[in-house]
Amino acid sequence: MRLGLLLSWPTVSLLVLVTIPFILLLRISIAPHDQSGMWSPGVTLRAYGTLAEPELLGALLDSVELALAVAALSLGLGFPLTYLITRMRRRIQVVWLIFLLTTLSLSDVLIAFSWQVMLSKRIGLSKIFVALGLMDEAASLTPSSGAVIACLVYLVLPFTVLTLFPVLSRLNNDLIEAARTLGASPVRAFVTVVVPLTKRPAVIAFVMAMVLTVGAYVPPLVLGRPQHWPMAVLIGSAALAGHDLPRASAMSIFLLAATLLLALLTARVARGRVRP
Amino acid sequence: MTKAIGKFLFLTVLAVFMAAPLVIVAGVSFNGTPRMNFPPQNVSLAWYAAFFSDPAWMSAFSLSVIVASLASLAAVSIAFPIAYATWKYRSRMALLLESIARISFLLPSIVLSIVFLVFWSWLGHVGRIEDTILSHAVVFVTLPLTTIGLGFRSVDLALVEAARTMGAREGDVLRTIVRPIVLPYVVSGLVFVFILSLNEYIIAYMVAGFEVETLPIKVFNNLRMGFQPTMCVGAVLFMLLGVFAFSAVALIGDLPKLLGGGRI
């Protein structure tokens with residue numbers, strides 16, 4: 001009975017703020033569009049009919065490509081970074097953690113803006129590239145997919161580190177040492193000892209990176225080419241500029257299904273591979 | 001030797017990558033001219049003066065802080081009972097609630113913004129500050145659930161057992177053993193929600209962006225109209241708030257342990 005009382009507030013709040021909104025999303029996606037920007041009663045599949053447009057399918061493909069690129073880069077950089085952080089002396093470890101957590105305290109709006117500044121023609125990276133002889137003359141590096149990916153990796157990396165940190169800090173060095181003493185090469189020791197122990201959190205970090213990327217609205221809007229705007233931007237403009245909530249809802253469900261599929265596929269690939 | 005150099009280079013490059021936007025934003029805020037120059041020219045605090053004397057910026061700033069404070073309290077009020085019931089009673093109901101609560105963090109934020117826009121429109125309650133607060137609370141409830149769950153799991157049961165055999169009642173055990181261990185984890189959960197809510201843009205914009213103009217929304221609106229270094233001042237204040245909050249967490253608790261680290 002005390003348990004019921006204890007859980008009453010979480011139950012009510014989650015029921016009202018999670019369950020009901022999702023049922024509503026499904027409902028609105030099959031409601032007719034109303035000029036007021038809301039919806040009217042009735043049932044129609046019009047919003048789902050518009051999903052087959054080539055423009056939308058292209059945007060979905062852009063979302064998937066972006067998600068895979070950002071997730072691969074974040075894990076590729078975040079894994080060694082987290083490993084090195086967990087092997088640092090305590091004080092330096094704490095400084096690194098506070099630094100990474102502080103990058104969370106800048107809104108994606110500001111991060112996107114500062115990437116725009118960094119990649120602009122007047123100041124920024126292109127001047128460094130010219131000085132290094134990598135580019136002939138200073139040029140603006142936005143809008144481009146590279147800019148969007150760089151910005152998203154920046155936003156995702158702290159979350160990757162936070163996800164991998166617990167397991168990597170518990171990883172016992174003796175196991176790797178043992179494998180090495182028994183004659184395993186560093187690569188083999190990594191694949192046979194480290195990978196199986198850390199696969200689950202690594203998959204979680206990869207999927208989380210994909211979800212964060214697929215949902216990101218501001219970075220691709222500010223830094224990306226309009227013809228490569230991913231689903232998130234199109235959903236935003238369907239709701240904000242088009243005032244078409246049923247269409248935005250149907251597109252959201254579509255994106256949700258694609259993300260879920262992508263997550264399941266990732267888990268599948270991870271399970272199938274890496275058997276010593 | 002080469003290994004050490006490689007390690008050093010890797011860490012340096014990543015540190016520069018992660019620090020660059022922070023440095024640029026801070027640098028631009030000290031510019032003497034209303035352009036985005038970096039490094040700053042004619043260093044001055046003019047934009048800080050402009051920020052603090054402009055009621056529109058100040059109201060966006062304080063609105064953000066109010067939303068973030070209340071959202072973090074609401075998120076912890078939902079997460080704490082669930083984490084406690086899971087630990088104390090191994091309740092199935094609590095486990096079910098936990099998975100429902102975690103769903104929202106696993107969804108793309110653009111989808112969440114549409115979900116909450118639809119929900120608040122359905123209630124006929126668009127454009128209120130409560131919308132932003134409650135939406136943020138549910139979206140970020142995963143974070144306190146994780147940290148507080150970690151906190152309860154780090155309570156050594158032998159300690160609890162010892163206290164009981166020595167005659168401590170349930171209330172004594174909670175007060176003298178469980179509370180001091182779990183408290184830093186609660187605080188770190190609060191701080192995480194606070195910082196993420198402070199900076200969240202798209203959900204806040206969708207549910208109440210026209211009426212409840214938080215700082216990220218104001219910055220984005222300003223960006224569209226043209227650049228003004230004033231908005232970088234807000235960013236610097238948030239950065240300082242972030243450094244301060246996470247350093248405070250590191251002072252009251254063991255930061256690596258609070259994040260789930262430490263060898264067991």
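The largest nonpolar core in this predicted model has 162 residues. The residues with the most contacts inside this core come from both chains: Cys151(A), Ala209(A) and Ile235(A), together with Ala75(B), Ala79(B), Ile114(B) and Ala137(B). The element that gives the most to the core is helix H7 of chain A, residues 145–170, with 17 residues.

Let us consider one of these residues. What is Cys151(A) in contact with, once its neighbours within four places in sequence are left aside? The partners are Ile111(A), Ala112(A), Trp115(A), Pro219(A) and Leu223(A).

I turn now to the contact between the chains. Chain B contributes 71 residues and chain A contributes 67 residues. On the side of chain B that touches chain A, the largest share comes from helix H5 of chain B, residues 109–122, which supplies 11 residues. That side of chain B divides into 58 nonpolar, 11 polar and 2 charged residues.

Finally, I would draw your attention to helix H1 of chain B. This helix covers residues 2–29, 28 residues in total, and reaches 40 Å from its first C-alpha to its last, close to the 40 Å expected at 1.5 Å a residue. Where does H1(B) bend? The bend, of about 40 degrees, is at Ala19(B), and a proline, Pro21(B), follows within four residues. Pro21(B) is also buried, as are Leu22(B), Ile24(B), Val25(B), Gly27(B), Val28(B) and Ser29(B). The buried residues of H1(B) pack against helices of both chains: H4 (90–103), H5 (108–118) and H7 of chain A, and H2 (46–53) and H12 (230–252) of chain B.

Key: Residues are numbered from 1 along each chain as its sequence is written. Chains are lettered from A and ligands numbered from 1 in the order in which they are written. This is a predicted model: local features need pLDDT of at least 70, side-chain atom pairs count only at pLDDT 80 or more; totals for chains, interfaces and linings use all residues. A nonpolar core is a set of buried Ala, Val, Leu, Ile, Met, Phe, Trp, Tyr and Cys residues joined through C-beta atoms within 7 Å. A residue is buried if 20 or more other C-beta atoms lie within 10 Å of its own, exposed if 12 or fewer, and partly exposed in between; C-beta atoms are placed from the backbone. Helices (H or I, at least four residues) and strands (E, at least two) are DSSP runs, numbered from the N terminus. Two residues are in contact if their C-beta atoms, placed from the backbone, lie within 7 Å. Ala, Val, Leu, Ile, Met, Phe, Trp, Tyr, Cys and Pro count as nonpolar, Asp, Glu, Lys and Arg as charged, and the others, Gly among them, as polar. The expected span of a helix is 1.5 Å times one less than its number of residues. The bend at a residue is the angle between axes fitted to the seven residues ending there and the seven starting there.
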